[in-house]
Amino acid sequence: MKTQVAIIGAGPAGMLLCEILSQHGIDCVVLEKHSRAHVLERIRAGVLEQSTVELLRQYGLGQRMDQEGHVHDGMKIVWAGRESFFIDVKKHLGKQFMAYGQTNIQEDLFLAAEQRGAKVLTQVENLQLMNLTSTHPHVTFTHNGDASRLDCDFIAGCDGFHGVSRQSIPPHLREEFEKEYPFGWLGILSQTPPLRDITYANHPRGFALASMRSPTLSRYYIQVPTGTLCEEWSDDRFWSEIKSRFPKEMADEMVTGKSIEKSIAPLRSYVCETMRHGQLFLAGDAAHIVPPTGAKGLNLAVSDVFYLSRALTAFYRQGMTQLLDEYSETALRRVWSSVRISWYLTNLLHRFPGGSDFDQRAQEHELDYLKSSHHAQAALAEQYAGLAFESSSAPIT
Ligand code: RFL
Ligand code: PHB
């Protein structure tokens, strides 16, 4: 097989890249390790930044999102024994967010790919990236038991944190920045009406978050120690724990019900520099991971895809290599901004095992400062909203 761009991974990064490139007349093939059902079942992100929403609309992917998604203006912070406050992103920046599940985005992207007749191969095994520093790289893999080879001009590594793409960059050419947190998030999805606002709670028993997918679908999380197993958490235990971490009036408002999904995600910050090696370009979780506290992971995958699709389009239309050469540096500026705010919010809102009285007081002071300072709230709002995409450094015709 031969194509222009081989895309590894059919997560949101890979499928969105496929859709944008296809709309620009660039041929691509997506190679995905898991089944389509597996990819569509994963419950993950839910909060879209305005730039993400606008990009999806621009490429005709906004119809269902605009019908079913829930627009909101910011987020609430509550913590034990103190008054809650709202970080009003709309007031400070004129930007809003959309609560719309990653699961739905994946469905929309698979539907668009199907309608376009895009080439998406699932259940691909033993994938290897070859000849990355030549102008003719290729990918080898097994599909339906047959050994196959895909020749291409470029490879987009969109295969998530555990994929093979990043590992194909020789270790001495990669600089890695990593931080692991000694806890994870236990999340449930429940067919019950959510609280009005996305609400982050800091409590002596640990962090908790109330979020939403639709007016009838709620998403809740609690901080749990690393090593916790889902089986240890019945629905009753979960509801009683999350209620204990919210102020009474909010706990009383929570509508409980049977969970329809329950999973645990570890928390980690990670950045790989560079995001390019020869003809291989990394995008999304393949290059960086953020703890979910800032709701940034999916949005970063989308901004990487924006920069990469623009660079590839400029190459195929104009023979321009400048944007490809600048891709890693440009994408990483936005990545680090989101990595920093996710790290900041994680430190601000979680209880760290073994944390000292000093750490605790400093955290409380930070929260008091945030609550009382218009400037601090504006700064947080700006970062929580996500940076605008940078305009191109060269004219695109
Ligand atoms: P994905 O979604 O991991 O997709 C990668 C795809 O590559 C496939 N793959 C391979 N394919 C071929 N060969 C191989 N060797 C392969 N190895 C892997 C995988 O099967 C998969 O289909 O990465 P992508 O596309 O970069 O997208 C990233 C997002 O999924 C991720 O950043 C977000 O889900 C993070 N995240 C959130 N992001 C937000 O922007 N807002 C949120 O509100 C938000 N909440 C969250 C989150 C992530 C969470 N978890 C579970 C980590 C909440 C949680 C709990
Ligand atoms: C979610 O709705 O899944 C969600 C919301 C806010 C976050 C992380 C996840 O910070």
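Is S309 buried or exposed? The points below take up that residue after the two ligands. The model is predicted.

1. **Shell of ligand 1.** Start with the surroundings of ligand 1. Its shell holds 31 residues. E32, R42, Q102, D285 and L298 are the closest of them. By class, the shell divides into 14 nonpolar, 10 polar and 7 charged residues.

2. **Polar contacts of ligand 1.** R42 places a polar side-chain atom 2.8 Å from an oxygen atom of ligand 1. For R44, the distance from a polar side-chain atom to an oxygen atom of the ligand is 2.9 Å. For N299, a polar side-chain atom lies 3.1 Å from an oxygen atom of ligand 1. On its own, ligand 1 has 1000 Å² of accessible area, and the protein covers 89% of it.

3. **Helices at ligand 1.** Which helices supply at least two residues each to the shell around ligand 1? They are helix 1, residues 12-23, and helix 9, residues 297-318. The largest share comes from helix 9, with 3 residues.

4. **Helix 9 itself.** Check the length of helix 9 first. It has 22 residues, so at 1.5 Å a residue it should span 32 Å. The C-alpha atoms at its ends are 31 Å apart, which agrees. Next, its surroundings. Of the 22 residues, 17 are buried, so helix 9 is largely enclosed by the rest of the structure. G319 follows the helix, and its phi is positive, near 70 degrees.

5. **S309.** Back to the opening question. S309 sits in helix 9. S309 is buried, because its relative accessibility is 5% and the cut-off for buried is under 20%. What does S309 touch, beyond its neighbours within four places in sequence? Its contacts are L17, I20 and L21.

6. **Shell of ligand 2.** Now move to the other ligand. Ligand 2 is surrounded by 13 residues. Y200, S211, R213, Y221 and P292 are the closest. The shell is made up of 7 nonpolar, 3 polar and 3 charged residues. Strand 15 (208-214) and strand 16 (217-225) each supply at least two residues. Strand 15 gives the most, with 3 residues.

7. **Polar contacts of ligand 2.** The side chain of R213 has an N or O atom 2.8 Å from an oxygen atom of ligand 2. A polar backbone atom of P292 is 2.8 Å from an oxygen atom of the ligand. At T293, a backbone N or O atom lies 3.2 Å from an oxygen atom of ligand 2. The protein covers 97% of the 280 Å² of accessible area that ligand 2 has on its own.

8. **I198.** Look next at the loop between strand 13 (175-190) and strand 14 (199-202), where I198 lies. I198 has a relative accessible area of 2%, so I198 is buried. Leaving aside neighbours within four places in sequence, I198 is in contact with V47, H72, M75, K76, L209, A210, S211 and M212. How far apart in space are I198 and G74, C-alpha to C-alpha? The distance is 7.7 Å, although 124 residues separate the two in sequence.

9. **W233.** This tryptophan is in the loop between strand 16 and helix 7, residues 235-245. W233 is buried, with a relative accessible area of 8%. Apart from neighbours within four places in sequence, W233 is in contact with L186, I222, V224, T228, F238, E241 and K262. K262 is 29 residues from W233 along the chain, and their C-alpha atoms are 9.0 Å apart.

10. **S51.** Last, another serine in a helix. S51 belongs to helix 3, residues 50-58. S51 counts as buried at 13% relative accessibility, because the cut-off is under 20%. Which residues does S51 contact, leaving aside its neighbours within four places in sequence? R334, L387 and F389 are the contacts.

Key. Residues are numbered from 1 along each chain as its sequence is written. Chains are lettered from A and ligands numbered from 1 in the order in which they are written. This is a predicted model: local features need pLDDT of at least 70, side-chain atom pairs count only at pLDDT 80 or more; totals for chains, interfaces and linings use all residues. Side-chain values use heavy atoms; hydrogens and water are left out. A residue is near a molecule or strand if one of its heavy atoms lies within 4 Å of it. A polar contact is a pair of N or O atoms within 3.5 Å; within protein, one must be able to donate a hydrogen and the other to accept it, and residues adjacent in sequence count only if both atoms are side-chain atoms. Accessible areas come from the Shrake-Rupley method with a 1.4 Å probe; for residues, only the protein chains shown count as cover. Helices (H or I, at least four residues) and strands (E, at least two) are DSSP runs, numbered from the N terminus. Ala, Val, Leu, Ile, Met, Phe, Trp, Tyr, Cys and Pro count as nonpolar, Asp, Glu, Lys and Arg as charged, and the others, Gly among them, as polar. The expected span of a helix is 1.5 Å times one less than its number of residues. Buried means under 20% relative accessible area, exposed over 50%, partly exposed in between (1.4 Å probe, protein chains only). Contact means heavy atoms within 4.5 Å.
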